[in-house]
Structures are given as C-alpha cells and as structure tokens.
Amino acid sequence: MVEKNKKYSIINNLIYSYKNLIKYEGKRYFVPTFFYIISGIAFPFMAILLPSEAVKLLSGRGNKLHIFLILSVYILFLLLVKYIYFITKEVSDDMLFFFRSDFFEEVINHILHMNYEKFESSDGQRKLSAAQRAIYEGESQGIEGLLNRVPVLIINTMGLIIYSFIAADINMFIFAFIFLSTVIVSFLNLRAGKWQNEHRKESEKLFNKFKYLRDESIASKNGKDIRLYGLKDWFLNSFNDVMKSYGVFQRKLRGKYFTASTADKILTLIRDGAVYGYLIYEMMNGKLEIDKFILFVGIAAGFGVWMNEIFSATQKIVQNSEIMNGCRDFLEFGCISDDLKDAHVNKGAIHKIKLENVSYKYHGDSKYAIKHLNLTIHKGEKLALVGMNGAGKTTLVKLICGLYKPTEGKIYIDGIDISKVNRKEYFNEFAVVFQDVSAFAFSIASNVTCRKDSDIDQERMENSLKNAGLFDKVNNYPKKADTILLKELSEDGVDFSGGEMQKLMLARALYKDAPVIILDEPTAALDPIAESEMYDKYASFAENKTSIFISHRLSSTRFCDRIILFENGEIVEEGTHESLIKKNGKYAHMFEVQSHYYKEEECDKDEAAIQ
C-alpha cells in the first residue's frame, strides 16, 4: 500500500522555507531583496510617467535649459533606479541559488541518517524523487521557485494598487473592462496550471521512465550487453514509446495554455482598441490633455501586465508549495531518534546474539520473508548460514545488523534488546561485507578506513592491506594508498578486478576490527574454489570474534562450528558439516549435487597447471 504524502498550507511552507533561508544564508538576504522590491515598484511607474511629464514641460513656456536639466536629472534617477533593480535582483537570485544548494545538505543528511529499511522501500524511493524535484530542477522549481516568486508578487501587487488609483480617473466602464479581461485570462492560465498540477504524477512517471532509459543506455557497464544481445532497437523503441506518451501529455498541456494565450490576445486587442479609442475621443473633444493621454495609455497597458504577473506569481507559488510538500514529506519520513535509548553494549567484547521468535515481512508483502525464527549465536562462534538464493539469508543479516526492525519478535545482544541501544553504537560492533561490494570513487585509503584523511591510522591501514594481500599492488601505484579508486571522479582512477575488490573488502573489515564479522556472499561472483579460499582467509582473522558466514555454496563454510540450512525464511537443518552429511537430508543432497561442480573445476585447474 502506497503511503500518502503529508500536506502543508502555502503559508506554512513559506514560513518553513524562510526559516531555512535564514538558517543557511542569514538575514542578509532581506537587504537586497528590500531594495529589489522598492525599485521594482518605482521603476515601471517612473518610466510611464516620463513621457507624460516631458510632453507637459515641453508644451509649456518654461526655459528650455531648465527643462533639459529637469529631464536629465529625472532620466539619470530613472537609470539609477533601474540599475538598483537589476543589481539587487541578481544578488537576491544568487543568494537563493546558493541557498538551494546549501539546503540540499538537509536532504543528504536525512538520507544518510534515516531508517535504512524506510529508505530502501518503494515509498522511500518515491518520496526521495519528490524531494529531489524541490532542489534539482532549477530556479523556477521547488524551494527556490517558491521564494523567488514572493518578491515578484509583492512588486506587482503594490504596483497594481498604485495604478488603480491613477486609473480611477479613466472611465469606470473602461477600467472595469480592463480588470475583467485580465481576470478572465488569468483564470484560464490558473486552470491550465491546475490541470498541470493535477497530472504532475503522470508527468513525473513518464520523466522517470525517460531518465531510467537514458541512464541505462549510456552506462558503460551495460555497453557489452546492449551490443552483444542487440538491445539497441529495444532501447530506441522504448525511448520512442515514452516520448510519444510524453508528447501526448505536452500537447494536452499546451492546448490548455493555448486557450489562455488566444483569449489574452483577443481580449488585449479589444481592450486596447476600447481604451485608445476612448482616450482619443476624450482628447479630441478637449476633455483630456495630451500629457494625460500619454499617461493613461501607459497605465492601461501596464495595468494588464501587473495583473497577469500577480496571477502568474500566485500560480507558481501554489505549484511550488505542492512540490515543497513532497520535499518536507520525505524529510519527515523514516526519522530515527536515539535520544531515549540509554542501553549500552560492551564495546569490543565478544558478543552473543539471540533472535527470539523473530518474523519479518517486507512493506506491502503478504508473505513473511523470515518466520518465527529462534536462533542463538554464541560468543566467538563461527556460524554458517547456507541455502539457495531467495531463502532469506540477506534479510536475516540486515535484521541482525539492525538495518531492519523485526515485524515480530526481539533481537538481543548480550541479553540487551537491540531496539534500546543507540544505533551508531550498535553499528560499531559489526564489520559486514555484503553481496553488492561497495567501493567508492575515493582514495584506496579512504575505502579501507572509511575515515577522513586526518583520522586515518596509517600503520593500521597498511597492516590491513598487507593481511588482505593487497599491499604490494597498492604500493606500486605512484600515489600508493592515496590513489583514487574507479574513474567516475578522476581520469587517473584505477579499477580493481573482482578478486582484488574482495581483498579490499577484507582490508576494510580488518581495519574496523569489529567483534562481529558477517560475510553475506560477497564472493558470489567468484568461482567456488576461489570463494572457499577467500572464506578460509576471513576465518583466519576471525579468532575471538563472533562470525557469520553466508553462502549458497555449501563447501565454502565447512570450517564453521555450526551450519544452518535456511529455506523460505526458516531453519530446516542445523549441525556441523559432518553431522549434516551423516543425517543424509537436504544439506547432504545439496552438497552432493554441488560437489560435482567443485570436482570438475579442480580437475580443470590441475589440467591447466600440467599443461
């Protein structure tokens, strides 16, 4: 079931956005914005007033030099106001841009701290996409789009009020027509914007499909499969399907705005014709002086602009407030508080872990991934968890590590309920290597230590590389352990082979030196013999530690004190390798089937060595 997004009022979102703006940029933002608003109100009015005043002065009998000086000073002042307007607008916009960049820290901080289970869920990924929209999609979207429309709304509202006082001198029927025509056009624009907002999810879904296809088609890791399996046409056809659907959506949207635009052009033509006709009639009958005629023409033209800008700014504020709802919803989703967790683990001790009637069900699934599991992992024990893919082994690891919270039951460490232990403190007791090896485009030293350069223990890092069998290779690089891994962020980055990457993960686990070691099939990409050798190496460093070794290859974990065969989230067999073979049950049958592959591979290696 999809979780609904939280909703906030526009005022609430504005208060929230301004509080964060002050938090990151300080109150200094309001100084240029104040002058931006004042100059934005003054400049159009002064520009419209200039021709009228010039005609009035020139039609009189005043001294020409005096008139020239007055007009020159006026124009210079007008240019100064214009300069202030553009400069302060640019400064204000720049500060909002940098604020949007800084505000991303809020999202990143939440991602790195939030409940992993929530983040990994479909709801979490959907909400993250909505949050990114509030930050990534430019100055007109999200939090920056919300804030930069507020000064525009103030400028145009104040301008409209000033113009209304002046326009009141025009015929009231003409004034009413100007007002009504602008309202009609603005209403049509608002209706188009409302339709766009109501169909936002449809647009986002199409955009996400396009983004996925784009990213997957250009990813170098997919290049081999795309070429060898002839996937080019599939990608192109998928692109065309998405673009056709997006084109249909855009045509509907453009149709809505085309109606508003057409109405605007027709009503503007009628309005201008009526206004100019009336003003010309009044002037020809001596009821209106030429300077007033010029002023009222400018007022009539500007009046519609003010109103259109007000409705446009209001529409943008409404739309971006909705986008901010998605951002704030994500920032409040999956929050974790350790403030009230006062239980502590014995740091660095050899731990005993106990699962008591633990069950787990993924969000939205009716089937349990783990069912009523009771398991005790004794201090210093080497436990093997084996079974076919999909048996629930990785889910169990995430439960033991505290990444997932049991749907039912309790997990204890040394008799302490782990839900009452500070999360960071609990994580420090585990060194885990998962199936999906996570190397980062940082230095090799940073990948091993997972620490800032200033916090790295160089001797400990080098010893970890030596014990993992990677020191000589790393030491041959010109920058040694400071060499950047991968090429995403550096042209000089280096790539490791699958086996070398496993050694890097071993070095990382050795550096952390946690009292609990868990290997969740990190060597699945290696052949069975290489995997067995790697597990033996891990085992040699696991003395006086509680260790869990997970594999679907049964020969890799024969050295363990106890082996558990896991199937459909349940323990189906348990014992040592020898006792399970004697039992002649499922484990023995699986081992016999798999052993043929190990023997064949060993023979192939022996033959290759002889040749």
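Residues are numbered from 1 along each chain as its sequence is written. In this predicted model, local features need pLDDT of at least 70, side-chain atom pairs count only at pLDDT 80 or more, totals for chains, interfaces and linings use all residues, and side-chain values use heavy atoms, with hydrogens and water left out.

Biologist: How many cavities of 30 Å³ or more does a search of the whole structure find?

Modeller: A cavity is a set of points, on a 1 Å grid over the protein atoms alone, where a 1.4 Å probe fits but cannot get out. Points are joined across faces, edges and corners, and volume is the space filled by probe spheres set on them. With a threshold of 30 Å³, the count is 2.

Biologist: Which helix gives the most to the lining of the largest cavity?

Modeller: That cavity holds about 40 Å³. Its lining residues (an atom within 4 Å of a point) are Ser181, Thr182, Val185, Asp264, Leu267, Thr268, Arg271 and Asn308. Helices are DSSP runs of H or I, at least four residues, and strands are runs of E, at least two, numbered from the N terminus. Helix 7 (172-198) and helix 10 (232-284) each supply at least two residues, and the top contributor, with 4 residues, is helix 10.

Biologist: By class, what residues has the lining of the second largest cavity?

Modeller: About 30 Å³ lies in this cavity, lined by Leu375, Leu383, Leu385, Leu396, Val397, Ile400, Ile548 and Ile550. Ala, Val, Leu, Ile, Met, Phe, Trp, Tyr, Cys and Pro count as nonpolar, Asp, Glu, Lys and Arg as charged, and the others, Gly among them, as polar. The lining therefore has no polar, no charged and 8 nonpolar residues.

Biologist: Which are the edge strands of the open sheet?

Modeller: Strands pair if DSSP finds at least two bridges between them. The sheet has 6 strands in the order 6-7-8-3-9-10, with mixed pairing. Pairing on one side only marks strand 6 (430-433) and strand 10 (570-575).

Biologist: What angle does the direction of helix 18 make with that of strand 8?

Modeller: Helix 18 (528-540) packs on the sheet, touching strand 3, strand 6, strand 7 (516-520) and strand 8; contact means heavy atoms within 4.5 Å. Axes are lines fitted to C-alpha atoms, for helices over the stretch in contact, and angles run from 0 to 180 degrees between N-to-C directions. The angle is about 175°.

Terms used
On a 1 Å grid over the protein atoms alone, a cavity is a set of points where a 1.4 Å probe fits but cannot get out, and a pocket is an open set with protein on both sides within 12 Å along at least five of seven lines; lining residues have an atom within 4 Å of a point.
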